[in-house]
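Subject: Structure handover

Dear colleague,

I am passing on the structure below, followed by notes on what was found in it. Please read them alongside the coordinates.

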Amino acid sequence: MHPAYATTDHVFEVPLDHGDPEGPTLQVFAREVVDPARAAEALPWLLYLQGGPGGKSPRPTFGSPGWLDQALKSHRVLLLDQRGTGRSTPVTTRTAARFGSPAALAGYLGHFRADAIVRDAELIRRQLCGDTPWDTLGQSYGGFLTLTYLSFAPEGLRSCHITGGLPGLTTTADDVYAHTSPRVRDRVLDLYARYPEDAARLRKLADLLAADDVRLPGGDRLTVRRLRSLGLALGMGDGFERLHWLLDEALDETGDGRPTGTFLHQVEALTGFSDNPLFAVLHESIYAQGAGPTAWAADRALAALPEFAEDADPLLLTGESIHPWMFEEISGLRPFAEAAELLARRTDWPPLYDPARLAANEIPLAAAVYHDDMYVDAGISLTTARAIGAARAWVTNEWEHDGVSASGGRVLARLMDMTTGRA
């Protein structure tokens, strides 16, 4: 138990395939958190749906996540490790090695999308709450899950809060990267405007990596394209500074001029997917709904833009994009390579949203749409908000994609006021 919170751990057994309840099962873990002073009260539940895909729910610490203390003023919170993450039968490189064929692994991974996560949540709700619906907070991908929940099990929901996560209801992966690639370009140029020396450092690093075989601590070669994937951080509120200070110590300026051990260690941690391979393996499938294969949409989108070429000046970083080369060059992803290719070719993905049901929705939904969001296009989000009954959107440029945590609870407080009619 954390001193500031009363916590209870729960483990639930769920079917791997909810369409085959007698088949193989998974364990799903969730942590109940409540204000110790109110632990005996019959408080309403708030289910937290983490971003990702492939991210485990946060662990309670002092001041982190920033929204938790706000939520505990009125709710009992359930921090769910979505299937395949954290303590919920995690998908790891060891998992991949246990399958006899890439097709078997791809078939298994196909059961880790939003539809299955929502059915897990409903099974858990019935065990914890009976017929009583609960409230939800969905951050980023958690907002995608929320709309799947509203589409297929709205009876389980009382009110919904979404931060940086309103997806297009019919948007394909190609549509997503057509909208977000220019945002990534602009964000990198903004970084260079704030820190002009970073453009020179990155070009120097890229030239060195192209000429020399530089290895990360775990043995992977650090290539220019892996270096460029550090741009993923730029969509967060502190992303510019985190990347800037990483680059500040990148080269041994007083020695041989090569990358420092500190830099290589941090790059490996930031780009290795060692603790969340599902993020890479399933990333484009979160947009797939039977409208053809995703077929490495991000890779195709960037290849069509000359400004993202490796020899372009200035050198542009990449953002929230997954590429086939990652499954060759990153040791933590290699066991998934052939299965990932099969998933990229898959054409029979089931639907994730029911537009007609969402249009008729009567459950209060409040969404924070971040005007400058690098990951989730604000225009697509607002189109979706207009298509959902009982939905209200708050557009803000005060926060980046991590506003729900960075705001110290202010974002969640406003959304709760919106769903209860106080704002």
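How are H3 and H14 oriented to each other? This is a predicted model, in which local features need pLDDT of at least 70 and side-chain atom pairs count only at pLDDT 80 or more, while totals for chains, interfaces and linings use all residues. Residues are numbered from 1 along each chain as its sequence is written, and side-chain values use heavy atoms, without hydrogens and water.

Helix H3 (residues 102-109) packs against helix H14 (residues 337-345) at an angle of about 60 degrees, the axes lying 8 Å apart. The two are therefore oblique to each other (the class left over once angles under 35 degrees count as roughly parallel, over 145 as roughly antiparallel and 65 to 115 as roughly perpendicular). On the H3 side, the contact (heavy atoms within 4.5 Å) is made by Pro 102, Ala 103, Leu 105, Ala 106 and Leu 109, and on the H14 side by Glu 338, Ala 339, Leu 342 and Leu 343.

The structure also holds 8 aromatic pairs (ring centres within 6.5 Å; planes under 30 degrees apart are stacked, over 60 edge-to-face and the rest tilted). In one of them, Phe 99 and Tyr 108 have ring centres 4.9 Å apart and planes at 45 degrees, so this pair is tilted. For Tyr 177 and Tyr 287, the centres are 6.4 Å apart and the planes stand at 80 degrees, so that pair is edge-to-face. Tyr 177 belongs to helix H6 (residues 173-194), whereas Tyr 287 sits in the loop between helix H11 (277-281) and helix H12 (297-303), 110 residues apart. Together with Tyr 141 and Phe 144, Tyr 177 and Tyr 287 form one aromatic cluster.

Best regards

Terms used
Axes are lines fitted to C-alpha atoms, for helices over the stretch in contact, and angles run from 0 to 180 degrees between N-to-C directions. Helices (H or I, at least four residues) and strands (E, at least two) are DSSP runs, numbered from the N terminus. Rings of Phe, Tyr and Trp (its six-membered ring) pair if their centres lie within 6.5 Å; planes under 30 degrees apart count as stacked, over 60 as edge-to-face and the rest as tilted.
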